[in-house]
Amino acid sequence: MTSVPVPYPNELIYSVIARTGVNEAISSPKQLLDEVFGNRKVISTLDLPSHIEKISQHLARAGQYSAEKLIYQHTLFPFYAPFVPESIRQRAIKLMSGFSNGAVHMMLGVAASRVKAVNYFRLCPSCMENQIRDYGETFWDRRWFIPGLNTCVCSACLKNLPESWQEHRHAYVLCPTTIKNESEVTGKVYPGLLKLCSSANEVLSLQAMESASFDQWTSFYQALAADNAMTRGRYADHEQIAEALLSCFPSSALQELNLDFDVKNDTNWLKTIFRKHRKSFSALQHLMVWQALKLKGTVAETIHEVKKKRAVPIRRLVKQKTKGQVDIYRAKWQSLLRRLEIKEARRAEGGVYAWLYRHDRQWLIDFNAGRRRKRNGHKPINWHYRDLTLTRRCLELIAEKDSDLSSPRLSKLWLINHLPHGRSSAKKLTKLPILDHCLDTYSESITDYQIRRLTYAAYQLLRQHEELAHWRLLRLAGLSIERITDEANDFLREVILRVRH
Ligand SMILES: [Zn+2]
């Protein structure tokens, strides 16, 4: 019978199977699967493998290797387990013990998570030296494969190999003993990320334990915001929290983890983690918030705190007594809006608005939307009334400008544009017959306009005791021999230039 070697501390099961192949001198991947699992269809999975019960059986003679122990000490499962609901944790353990077929990755949110799992082989040269010193060989350490992080638990930068473990569907690749390319450029590591890495390794080494519920996480984060005085009323103060997080993790570090967020976006992950939990967050998201809000205590202690929270949310208790009040508050709001605009009503009776917003939000939104529609709807226009008022205004305008010799030409268009509803009136002149007639009668023709300007020019010259010369008048009025109309020219010669004689 095949002998599976006893796993080294933190050694991945994947690595154990790879070593089995070497120890037993089995070169064919399919044969190795046959020998270890009695099943040639097993897919070699590095992070969250299945068929672990089989490995446990192989190790029975070594004692103390239950499937659960192997899952918790030799896979990446503990990195996900504390943050998913208990029912999922239980099912995932079952699947990993037996047949999984990728379902575990789905259940634990690995596939959907923003923090991507490590699909490439990675290693830490410095840890490898220690492995050789202590055990005489190298092996894949699970701490090199924590999603999102590029740093080893020993603070060294992890080295990515070009090969993906997923390329080998059924084969188990042995950890190399030496690394070819030593001249790897090490990236800059933020101090915040080093601490995060150390916490992440704490998560990975957690013992098997029951998971907290979503409601417990919700209460925990509500309390966390309150303890840090980062609340506004009953709600978390998201701006302050974002500030704290960004001061701990600069946005370039967040980008590296694929956890950058738009502070203004109402559904960014940092805001949702402080609201009612409806889905699981990744370990890194939790750890970053704890770090940013300077939470004391180890990871295990913090998770213990979470599990002490009340399992039933407070809001569900409130709901009962609100039923009778709904009618009262609705009536109050309706009566307010009979005399006030929505904004004014909110200012006047903020309490009523807030109550409805909290307890009867959909009704409030619908009712307000209906109000707005009514207000913005078009009233029918009284055209006769508009005709009269616009005509009156038009005559006033002409009277104002008539004595102002410097104003531009009071053309039909100019006058319409200087009336209320100008643009729409221009299109509807057939509905405004009095105005139309008024415009035809009193608007200035080009000749009228030129005469007005010539008069103005003459007036200015006389005031300055200048001679009323023909050329001077034209220039001052902005006219030329070519542009001046015959009538205006007659006016110039017959009326103005006669004045000087
Ligand atoms: Zn290391």
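**Questions on a predicted model**

Author: Val 104 touches Leu 48, Ala 92, Leu 95 and Met 96, when residues up to four places away in sequence are not counted. This is a predicted model, and that should be kept in mind throughout.

Reader: Is Val 104 buried or exposed?

Author: Val 104 is found in helix H7, and its contacts beyond the sequence neighbours include Leu 48 and Met 96. Buried means a relative accessible area under 20%. Val 104 has a relative accessible area of 0%, so the class for this residue is buried.

Reader: How far apart in space are Val 104 and Leu 415, C-alpha to C-alpha?

Author: Along the sequence, Val 104 and Leu 415 are 311 residues apart. In space, the distance from C-alpha to C-alpha is 76 Å.

Reader: Which helices each supply at least two residues of the lining of the second largest pocket?

Author: The second largest pocket has a volume of about 390 Å³, and 22 residues line it, with Gly 109, Ser 113, Ser 280, Phe 281 and Ser 282 lying nearest its centre. By class, this lining has 15 nonpolar, five polar and two charged residues. The helices that each supply at least two residues of the lining are H5 (77-80), H7 (103-107) and H14 (283-292).

Reader: From which domains does the lining of the second largest pocket draw at least three residues each?

Author: The protein is divided into domain 1 (13-180), domain 2 (212-310), domain 3 (317-376), domain 4 (383-444) and domain 5 (447-499). The lining of the second largest pocket draws at least three residues from each of two of these, namely domain 1 and domain 2.

Reader: Where does the largest nonpolar core lie, and why?

Author: The largest nonpolar core has 101 residues, of which Trp 144, Phe 274, Val 289 and Trp 290 touch the most other members. The largest share of this core, seven residues, comes from H14. Because domain 1 (13-180) and domain 2 (212-310) both give residues to this core, its place is between domain 1 and domain 2.

Reader: Which residues is Trp 144 in contact with, leaving aside its neighbours within four places in sequence?

Author: Trp 144 is one of the residues that touch the most other members of the largest nonpolar core. Leaving aside neighbours within four places in sequence, the residues in contact with Trp 144 are Arg 122, Leu 123, Cys 124, Cys 127, Met 128, Gln 131, Phe 139, Cys 152, Leu 158 and Cys 175.

Reader: Is Leu 46 buried or exposed?

Author: Leu 46 lies in the loop between helix H2 (29-37) and helix H3 (52-58). Leaving aside neighbours within four places in sequence, Leu 46 is in contact with Leu 12, Tyr 14, Phe 121, Phe 145 and Trp 165. The relative accessible area of Leu 46 is 1%, and the cut-off for buried is under 20%, so Leu 46 is buried.

Reader: What is the phi of Ala 229?

Author: Ala 229 has its place in the loop between helix H10 (214-227) and strand E3 (231-232), and with a relative accessible area of 55% this residue is exposed. Its phi is a positive value in a residue other than glycine, near 55°.

Reader: In which loop is Lys 294 found?

Author: Lys 294 is not a glycine, although its phi is positive, at about 50°. Lys 294 counts as exposed at 61% relative accessibility. The loop in which Lys 294 is found is the one between H14 and helix H15 (299-308).

Reader: What is the relative accessible area of Arg 472?

Author: Arg 472 lies in helix H26 (residues 470-477) and touches Leu 461, Glu 466 and Glu 467, not counting residues up to four places away in sequence. Partly exposed is the class between buried, under 20%, and exposed, over 50%. Arg 472 is partly exposed, with a relative accessible area of 25%.

Reader: How far apart are the C-alpha centres of domain 4 and domain 5?

Author: Ten residues of domain 4 are in contact with five residues of domain 5. The C-alpha centres of domain 4 and domain 5 lie apart by 27 Å.

Technical notes:
Residues numbered from 1 in each chain as written. Predicted model: local features only at pLDDT ≥ 70, side-chain atom pairs only at ≥ 80, totals over all residues. Heavy atoms only, no water. 1 Å grid on protein atoms, 1.4 Å probe; cavity = no way out; pocket = protein on both sides within 12 Å on 5 of 7 lines; lining within 4 Å. Points joined across faces, edges and corners; volume = space filled by probe spheres on them. Helix = DSSP H or I, 4+ residues; strand = E, 2+ residues; numbered from the N terminus. Nonpolar A, V, L, I, M, F, W, Y, C, P; charged D, E, K, R; others polar. Domains from an automatic or database assignment. Core = buried A, V, L, I, M, F, W, Y, C linked by side-chain atoms within 4.5 Å. Buried < 20%, exposed > 50% of the residue type's maximum accessible area, 1.4 Å probe, protein only. Contact = heavy atoms within 4.5 Å.
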